[in-house]
Amino acid sequence: MAQATRRDHRIRRRDLIALVGSVAVAAPLAARAQQKAMPVIGFLSTGSPETVGPFIAAFYQGLSEAGYVEGRNVAIEYRWAEGHYDRLHALAADLVARKVDVIATGGGAPSALAAKGATSTIPITFVGADPVGDGLVASLARPGGNLTGISLLAVELMPKGLELLSELVPQARAIVLLANPNNSNAERVIEGGQQAARTKGVRLTILKASTESEIDAAFVTLVQLHAAALIVHADAYYTTGRDQLVALAGRHAVPAIYYFREFAAFGGLISYGSSLSGAFHQVGTYVGKILNGAKPADLPVMQPTTFELVINMKTAKALGLTVPQSLLQRADEVIE
């Protein structure tokens with residue numbers, strides 16, 4: 001009897017150890033099953049990795065401030081339109097089909113509108129020129145819906161750009177505005193430019209181009225018009241084609257002003273606008289907040305409070321321009 005009792009005890013002890021062992025193995029498995037899968041961000045851009053890539057670091061920084069690091073606790077699916085707006089809708093639809101948790105768009109209204117057209121439920125963040133005018137949000141303070149982001153104020157800054165260009169090239173009475181007709185804010189930019197030109201007493205000619213060949217043709221027309229200066233529309237396709245625009249302006253010796261500092265850094269004469277790096281940083285912050293539970297409708301569209309004036313002195317000298325001291329003193333950066 002005692003021997004049988006000891007045998008039964010050993011069996012019960014063995015069964016208990018097996019049971020504890022199975023629980024120890026099952027518990028982590030169950031916990032992992034209950035954990036939410038790593039969230040996925042869809043990044044939709046009108047540009048290319050070469051042109052947008054430098055701003056991704058700022059986007060990462062914004063994400064990290066909200067506690068997210070790619071590959072560690074968040075994944076990112078990138079989609080690049082390479083300057084071809086007609087690809088955006090398919091790329092946006094692909095991200096929606098992959099059921100990403102949030103879509104971050106770059107490149108202004110075209111990418112944001114494509115994302116908006118693809119989903120009314122997945123949160124979307126954007127970097128846009130005129131979010132209300134483009135129909136992305138109901139208002140800046142109360143976006144409503146599933147979109148929010150950053151306004152670059154590109155339309156509002158058009159008069160300032162014309163003023164700065166006139167100060168740098170005071171003899172310019174005939175100026176050309178190059179605009180991309182495929183951009184939804186092009187007409188508003190043109191209207192703002194025409195009003196500013198009337199105020200300054202200069203003649204503003206509008207040239208439209210949306211492809212490389214059309215840009216080449218626009219510069220031929222610009223020379224034929226004897227235009228003394230050029231304003232380049234703040235457009236994602238133009239940013240992607242920055243090399244071509246700056247090279248043509250240099251070849252034809254046309255003083256040109258651009259919105260983004262990257263043009264001046266690459267050899268453009270002058271730029272004035274908000275910081276793209278700052279905008280992408282804020283988008284990263286907003287994406288992190290959304291992943292942490294915030295709703296786009298409750299996040300107001302942010303507006304820049306500072307603007308960068310960058311002057312490339314090497315280009316100015318090549319064009320034979322003397323930059324006024326008053327302009328140099330106001331510059332945030334002077335490239336020698």
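This is a predicted model: local features need pLDDT of at least 70, side-chain atom pairs count only at pLDDT 80 or more; totals for chains, interfaces and linings use all residues.
Me: Is V176 buried or exposed, and why?

Reply: Burial is read from relative accessible area, with under 20% counting as buried. V176 has a relative accessibility of 1%, and therefore counts as buried.

Me: Which residues does V176 touch, once those up to four places away in sequence are set aside?

Reply: A contact requires heavy atoms within 4.5 Å. For V176 the partners are L204, T205, L207, L222, L225, A227, A229, L230 and I231. With L204, which is 28 residues apart from V176 along the chain, the C-alpha separation is 5.5 Å.

Me: How should I read D235, and where is the nearest side chain of opposite charge?

Reply: A salt bridge needs a side-chain nitrogen of Lys or Arg within 4 Å of a carboxyl oxygen of Asp or Glu. D235, in the loop between strand 8 (229-232) and helix 8 (236-240), is buried but has no salt bridge, the nearest side chain of opposite charge being that of R188, 11 Å away. The side chain of D235 does reach the backbone nitrogen of Y238 at 3.1 Å, and, leaving aside neighbours within four places in sequence, D235 is in contact with Y85, N180 and N183.

Me: What lines the largest pocket?

Reply: The lining of the largest pocket comprises 13 residues, with I150, G278, A279, Q303 and P304 nearest its centre, and the space inside is about 180 Å³. Strand 5 (147-151) and helix 11 (276-291) each supply at least two lining residues, and helix 11 gives the largest share, three residues.

Definitions and conventions:
Residues are numbered from 1 along each chain as its sequence is written. Side-chain values use heavy atoms; hydrogens and water are left out. Buried means under 20% relative accessible area, exposed over 50%, partly exposed in between (1.4 Å probe, protein chains only). Helices (H or I, at least four residues) and strands (E, at least two) are DSSP runs, numbered from the N terminus. Lys and Arg count as positive and Asp and Glu as negative; His and the chain ends are not counted. A polar contact is a pair of N or O atoms within 3.5 Å; within protein, one must be able to donate a hydrogen and the other to accept it, and residues adjacent in sequence count only if both atoms are side-chain atoms. On a 1 Å grid over the protein atoms alone, a cavity is a set of points where a 1.4 Å probe fits but cannot get out, and a pocket is an open set with protein on both sides within 12 Å along at least five of seven lines; lining residues have an atom within 4 Å of a point. Grid points are joined across faces, edges and corners, and a volume is the space filled by probe spheres set on the points.
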